[in-house]
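Here are some notes to read alongside the model, written for someone meeting it for the first time. Take them in order, with the viewer open.

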Amino acid sequence: MPQLDPDRLFPADRNSRDIARALFETIENLPIVSPHGHTDPRWFAENAPFPDPARLFVTPDHYVFRMLCSQGIRLEDLGVSALDGRPVETDGRAIWRRFAENYHLFRGTPSRLWLDHAFETVFGWTGRLSAETADHAYDHISACLAKPEFRPRALFERFNIEVLATTDSALDDLAWHQVLKDDGWSGRVITTYRPDAVLDPDTPGFAANVERFGELTGENTFTYDGYLAAHRKRRAYFRQFGATATDHGHPNARTENLDRADAARLYHKALKGTCAAEEADVFRGHMLTEMARMSLDDGMTLQIHAGSMRNHNPAVMRGFGPDKGFDIPRRTDFVAALKPLLTVVGMEPDLTIIVFTLDESVYARELAPLAGAYPALTLGPAWWFYDSPDGMRRYRDLTTETAGFYNTAGFNDDTRAFCSIPARHDVARRVDCAYLADLVTAGRLAEDEAFDVAQDLTYRLAKKAYSL
Amino acid sequence: MPQLDPDRLFPADRNSRDIARALFETIENLPIVSPHGHTDPRWFAENAPFPDPARLFVTPDHYVFRMLCSQGIRLEDLGVSALDGRPVETDGRAIWRRFAENYHLFRGTPSRLWLDHAFETVFGWTGRLSAETADHAYDHISACLAKPEFRPRALFERFNIEVLATTDSALDDLAWHQVLKDDGWSGRVITTYRPDAVLDPDTPGFAANVERFGELTGENTFTYDGYLAAHRKRRAYFRQFGATATDHGHPNARTENLDRADAARLYHKALKGTCAAEEADVFRGHMLTEMARMSLDDGMTLQIHAGSMRNHNPAVMRGFGPDKGFDIPRRTDFVAALKPLLTVVGMEPDLTIIVFTLDESVYARELAPLAGAYPALTLGPAWWFYDSPDGMRRYRDLTTETAGFYNTAGFNDDTRAFCSIPARHDVARRVDCAYLADLVTAGRLAEDEAFDVAQDLTYRLAKKAYSL
Amino acid sequence: MPQLDPDRLFPADRNSRDIARALFETIENLPIVSPHGHTDPRWFAENAPFPDPARLFVTPDHYVFRMLCSQGIRLEDLGVSALDGRPVETDGRAIWRRFAENYHLFRGTPSRLWLDHAFETVFGWTGRLSAETADHAYDHISACLAKPEFRPRALFERFNIEVLATTDSALDDLAWHQVLKDDGWSGRVITTYRPDAVLDPDTPGFAANVERFGELTGENTFTYDGYLAAHRKRRAYFRQFGATATDHGHPNARTENLDRADAARLYHKALKGTCAAEEADVFRGHMLTEMARMSLDDGMTLQIHAGSMRNHNPAVMRGFGPDKGFDIPRRTDFVAALKPLLTVVGMEPDLTIIVFTLDESVYARELAPLAGAYPALTLGPAWWFYDSPDGMRRYRDLTTETAGFYNTAGFNDDTRAFCSIPARHDVARRVDCAYLADLVTAGRLAEDEAFDVAQDLTYRLAKKAYSL
């Protein structure tokens, strides 16, 4: 029995629902533009079958294993690989059963929507996952994964993805992107320049990273000027692999605009590993402004993902490493924080800086007023924990009145869970159609305009914001 | 004419309303589990009649007298007892009339829902309170209060309360609980361990309190080790009177994990009354971690109620004392604040730490992400000013997507207004059914699952979170 | 074809919509009470025709030009006058065309509602503005503006304005108000005492301002006592021109209550221009308390508009001056900030302090609890970026449960866009009726009471809060 309601996420009111459905019909089948995410380019380069269902849906998905962990299930029992040599479950079916027995934990969460959507639309399995159905689902999905039409490239094409951006370290050799480039496959998989490892003095191994950065670029990164030159060269290298954007994951939204001497001084302290926490923060902030200056030259869109306190749980960090579900959002200021950057480049009409927040209290108070005034500033979509029906709705409710639709960047799925990509875009499209329908019903937007805006939110704004 | 709409708090949409009503029918008559509140155990021990309507509904209810005060009615004219010898109204009927004349002030507030519910369902009075109906209501309720079926135990039974927890100071002798224990009455009234008076160096009389604490426990509380031992003993004593939880009311959510020497040093400063504000804050924070360690041993649930600036109004504090409607919520950080505690005990699957906030901006940003990852952490329900239809709904809207339902603790009425207990549970049950119905209508939750979750939210989660 | 839906902003649900419509019918035609705004008294004194459509709708409206600016349209191309001598567009039709071509940017914003409302109800132009219709609209509105019935006084009467307050600097000679006073016109246009220029040490030219203040009042403002006396005299002068309120635009809500010597010391530093930023903040905060003391004597309502970081963009500030769309809200604390003021005057039943915030996170957490307890404190309506359908709705949703309706101050249009006044009151009335209807449908408010509250929110509360 299908788990997916064909009218899911549409308004309860019949009139609004009819309008939402009509809007959705016009955008449901538009190609997916995925300008920011964390899929692995190797999948598409190698085009090998995905492993078993547990390793597709449970082990790599921090939304899934964090929820199971919150109820006392140990990460090692979910097959999350450990750094400290502890034994880890390797039996996919055993992992899957633990997941299935606890599927009720996901009631009311976006994970549940994504999972049901993937089971049903990607794999054609329409049961409800539970202890009883665990094996049936496992066998069904396993059988699919063995077939050629479930290999990465086939799914990419089935998902109707027009373009998919991965996010790669500035130190990455882009070897898998090179394979894709050399290959004749028509799928457009591009990279994104993510320089945190060579830009954040708090990164473990920063000095070694920067040395390697010098080797990769042939620049003398022992000097600040050489370091900037290395960025410029590496950005150009990434652009050869389709990159149209850079991405920066920072603990806050701080920006600075140091003079050259101060920046160089901090850079040398960073190389020596003697930056105080505050100095590292200043340097990161300053480098965002440098990145924006480079974007003025090379046209790359600048993405700032700010406000996560990474690795809140030291035991999990020691045992399993980063990205294990213990990154927690914090209160984040944008008004003072972005001022140095915006003072330098905020009025540039051809620059696109996309800001993402994990602090929803800033949507209406800070980000919409800023994006509704500065030409260079664009609002990124609801991010991470807010990539959800209510999160997306709050985003629209809290930003549209001040920033309108045209200072926003369309949708990002931002995922490493490949099979959830269609589900996430489906959710975003439905939530936006529901929002537009509610505006129409309330006489706040003409119906014909709503159809036009639906195209913008689904397709055009993302292509524009990322120059795709 | 009845003031209560039988469909109150259900969604406007007909389909959703039908689902909400169907859900509610299955949980409406479940017993009340009240694991945290401030009723007086003496009521049940003595089982004496409640005094007049004014002293039942107005004088002890800070929600009620603060609203009247906000419109310029003096607390003394409402019979609130003064500390400074000023004359106070003693005529119950006069107090009641002032209240009734101003009943319009409560339009749109939860107090109005609770009051109308109590008038109608507890006392069978179905008018609308006003200057005109004041005397009629007063006479009607007074007549009821004289009857045996309106005594505390009879109401307890009529309210279908399965268990009711009071909150008692660590220094309380639990004499009324002892009466209840010795008595043959079947009602389950348990205590809760609230050690603020012997844990917060800023409490007036802290040193004397701790000395008394030593006497009560036979431990030498002039030493830090003796002080910790006294807590252990006193917790055990409270458990003899049914306690399954401790409760901590702190100005913020700060936790610390000091080494023994630092903790002892601060403790001795606290005894001497020489703690700076920051040091008192550190000590309180450290003691939460100590309490959690003790909970690991004795299984008691740890409740943290954080974020109220107590006694904002010095004139009211001087004239009338604490708890007089002038406690005001403040912005509260949880991410950094809880880190020391969670680093020590956050991964313990058998420990339950329930966190309550008065800062709703942290629901989605901080508390849901934390509770959705750490096994030991559970979200307390919407608290105090948010114990209201909109407050409860925001709580679900802002926490469910990230924490799900199973990292939440069910409902607390948290009241000293005994007659409002059924009303408050009624509101919570209706709001939850409305929320679930909206999820069903939006295709976000299967209907059969909604019925199961309704049982959880009403009954099972509270019993589990408090080991009842 | 009319752009305005007659049921706009009413709930989608049919039952709720019917109730909202019925409520609205009873208040739709109530006179407009506009106790706080920024219209120019000269308009009514001179009663000259308004200039062309661009100079009526685009050039003076920071909501409009900031949105156009955010998409890269230069302020000079919109006719915004420059300080630095750069050439500025002077052709009204050219400005209007730029605006019309970009009218889609306003989809979903309150500006769109206000503009469509003014085009249709004030000027009888019912098209949709676009590149195609730009000239038609321009010609139509231009033709209207030439007619006597579109002069300021005629519109004032047509708008059914009972009273309109302007906001004037304490240094203003109120010459246009004098013309109005001497004139026989029946329209009630009053002033408001805005002393920021002589109260905020950070104001450019503060010392010169204070010297002028002394000349205007005949007081020796080189002494602190003379300075306070000058305020008292100037307030009395403003009251001769109808003022019933003072208004204070501060970067935060800080208040202080210094002793006389400390206040005088800071005052003299301010005159010398040697106040540190913190000292200037303290002085501003202290003066709010002094203003409140004066209000106790002269009965003027005290308005605090807190939380905007003015002139975020230094290039725009240099080029075009203040109020050019780059004032950005910041996080604002009220609990600690208002404590000194409330400790002095908070319990005064006859004083009205109206607080406005740009930080919505404080509505439920801070402002509603404060206003729901202190007699002197009243909540101002949703302000600036929140003067919008969703902003107003959040205001009600987040304040009513704790503060009720009777600790709120009714609506302010707070505008310098005269033709938007009816539109803004229309939006506020509709949003309030929708809110009340939703309460009725949910059984949270009796229907007959909703009709009474609708009168309060539209008319009575504003008159009471401002003693009009």
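**Notes on the chains and their contacts**

1. Chain C meets chain B through 40 residues of chain C and 39 residues of chain B; two residues are in contact if their C-beta atoms, placed from the backbone, lie within 7 Å. Please keep in mind that this is a predicted model, where local features need pLDDT of at least 70, side-chain atom pairs count only at pLDDT 80 or more, and totals for chains, interfaces and linings use all residues. Residues are numbered from 1 along each chain as its sequence is written, while chains are lettered from A and ligands numbered from 1 in the order in which they are written.

2. Which elements build the side of chain C that touches chain B? At least two residues each come from helix 1 (14-27), helix 15 (339-345), helix 16 (362-371), helix 17 (389-403), helix 18 (421-441) and helix 19 (447-465) of chain C. Helix 16 of chain C gives the largest share, 6 residues. Helices (H or I, at least four residues) and strands (E, at least two) are DSSP runs, numbered from the N terminus.

3. By class, that side of chain C holds 18 nonpolar, 12 polar and 10 charged residues. Here Ala, Val, Leu, Ile, Met, Phe, Trp, Tyr, Cys and Pro count as nonpolar, Asp, Glu, Lys and Arg as charged, and the others, Gly among them, as polar.

4. The copies use different surfaces, with 5% of the contact residues of chain C recurring in chain B.

5. Chain B in turn puts 40 residues in contact with 39 residues of chain A. Helix 17 of chain B gives the most to that side of chain B, with 6 residues.

6. Chain A on its own has 20 helices and 11 strands. Its C-alpha atoms fill a box of roughly 65 × 60 × 45 Å, taken along the principal axes. Residues 24 or more positions apart account for 75% of the contacts in chain A with a separation of 6 or more.

7. Finally, look at A:Leu436. Not counting residues up to four places away in sequence, A:Leu436 touches A:Leu23, A:Leu445, A:Ala450, A:Val453 and A:Ala454.
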